[in-house]
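Please look through the sequence and the structure shown here before reading the briefing that follows.

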Amino acid sequence: MTGKPRVWISRPTFPDVVARLEPHFVVAAEPEETVFTAAGLAAKLAACDAAIVGLKERIGAQEIAAAARLRIIANLAVGFDNLDLPALTAAGILASNTADVLNESVADYAWALLLGSARRMGAAERWLRAGHWHGTGFKAWLGLDTRGRTLGILGMGRIGQAIARRAAGFGMQVVYHNRSALPRTIEDECAARYVDKPALLAQSDFLVLALPLSDESRHAIGAAELARMKPTAVLVNIARGGIVDDAALAAALAGGRLAAAALDVFEGEPDVHPALRELDNVILSPHIASATWDTRRAMTAMAVDNVLALFGHGPHAGRPPSLLNPEALATRPAPWIPQDKGIEHP
Ligand code: GLV
């Protein structure tokens, strides 16, 4: 192929950030948020050399079947359960994510949800807006303190660690469970102690989920796990829908078997389980934990860097910074060629 390679961007991002692609690529960015059918997605992917996509683009063997030119899918998210990595690797298509740049914003939001549900902010605001506030009740809207309580974290990657580091400011002790215990230096820095999952469920006054969705983690919190938690506990999910069994959670909240929950992610989102919508002791949030100006710009920049680098340009030329399946390079080598040959693209 001669001429500039093509980049397709599935959703509106930040024009000044993606402008860095323009000297090297023909860029086609969707002007508005669009829900693509599998066939629509397949057609878009067949017509580009690189794609920058979001979580709502679910990409597997069917969507890449005709994507002969496609070399990289840069996911605008740290999670990548929307991508069938084995299928991409088999086709020699690289995938990248936005690791690390969103850790602090997501950790902040986990705390916003935790505190918001501890202090019943959603329900109190709905009550005020509905015109019920005619005088302040001394015992009205009593919530939970964090001080002296135990924060449990399930999934202690970089986001879990950022959540843990904030706990000292709230006077909380931290326990965590992870596939494996972290090195002692990280545990010390986070002031967090490894426990097994039953102990995590039993000890947590606030349990925050920060693990990726996988076959192993699907319904990691279901009826049995909820039954092991304290009835006074609060559950926060900033990880992925599907990690919590939403129907079981709604039943536990309705039955007083759990005090409250705050959810940024849902099974089958943007649909939300109807039983959750009925409850006042759950905060429902539309998957926005990383949604700050700075972080969404940084995520876009990282996707751009991954694409640029694969084609031999930009600050990471030749070394895409966050590849998920570098082994795909063994199936098809990288498309860049030495600059001194004077050819832009093979
Ligand atoms: C958001 O959910 C992400 O994975 O970045």
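**Briefing on the predicted model**

His-219 lies in the loop between β9 (206-209) and α10 (223-228), where helices (H or I, at least four residues) and strands (E, at least two) are DSSP runs, numbered from the N terminus. This is a predicted model, in which local features need pLDDT of at least 70 and side-chain atom pairs count only at pLDDT 80 or more, while totals for chains, interfaces and linings use all residues. Residues are numbered from 1 along each chain as its sequence is written, and side-chain values use heavy atoms, with hydrogens and water left out.

- Most residues other than glycine have a negative phi, and most peptide bonds are trans.
- His-219 has a positive phi of about 55° although it is not a glycine, and with a relative accessible area of 34% His-219 is partly exposed (buried means under 20% relative accessible area, exposed over 50%, and partly exposed in between, with a 1.4 Å probe and protein chains only).
- Ala-191, which is not a glycine either, has a positive phi of about 50°; Ala-191 sits in the loop between α8 (184-190) and β8 (192-194) and counts as exposed at 55% relative accessibility.
- Glu-269 and Pro-270 are joined by a cis peptide bond with an omega of about 15°, and Pro-270 is placed in the loop between β11 (260-263) and α12 (274-277).

**Strands and sheets**

- Strands of a sheet pair through backbone hydrogen bonds, either parallel or antiparallel.
- An open sheet is formed by 5 strands in the order β2-β1-β3-β4-β5, with parallel pairing (two strands pair if DSSP finds at least two bridges between them).
- At the edges of this sheet stand β2 (26-29) and β5 (94-96), each with a single partner strand, so one side of each is left without a neighbour in the sheet.
- On average, neighbouring strands of this sheet are turned by 15° against each other, direction ignored (axes are lines fitted to C-alpha atoms, for helices over the stretch in contact, and angles run from 0 to 180 degrees between N-to-C directions).
- Strand β1 (residues 6-9) pairs with β2 in the parallel sense over 4 bridges, and the bridge partner of Arg-6 in β2 is Val-26.
- Elsewhere, strand β6 (residues 150-154) and β7 run parallel and are joined by 5 bridges, with Gln-173 in β7 as the bridge partner of Thr-150.
- Strand β7 (residues 173-177) is largely enclosed by the rest of the structure, because 4 of its 5 residues are buried.

**Helix α5 and its surroundings**

- Helix α5 (residues 103-118) packs with helix α7 (residues 158-166) at an angle of about 55°, their axes being 8 Å apart.
- The two helices α5 and α7 are therefore oblique to each other (angles under 35 degrees count as roughly parallel, over 145 as roughly antiparallel, 65 to 115 as roughly perpendicular and the rest as oblique).
- By class, the contact of α5 with α7 has 7 nonpolar, 1 polar and 5 charged residues (Ala, Val, Leu, Ile, Met, Phe, Trp, Tyr, Cys and Pro count as nonpolar, Asp, Glu, Lys and Arg as charged, and the others, Gly among them, as polar).
- Leu-114 is found in helix α5 and is buried, with a relative accessible area of 0%.
- Leaving aside neighbours within four places in sequence, Leu-114 is in contact with Thr-146, Leu-151, Phe-206, Val-208 and Val-236 (contact means heavy atoms within 4.5 Å).
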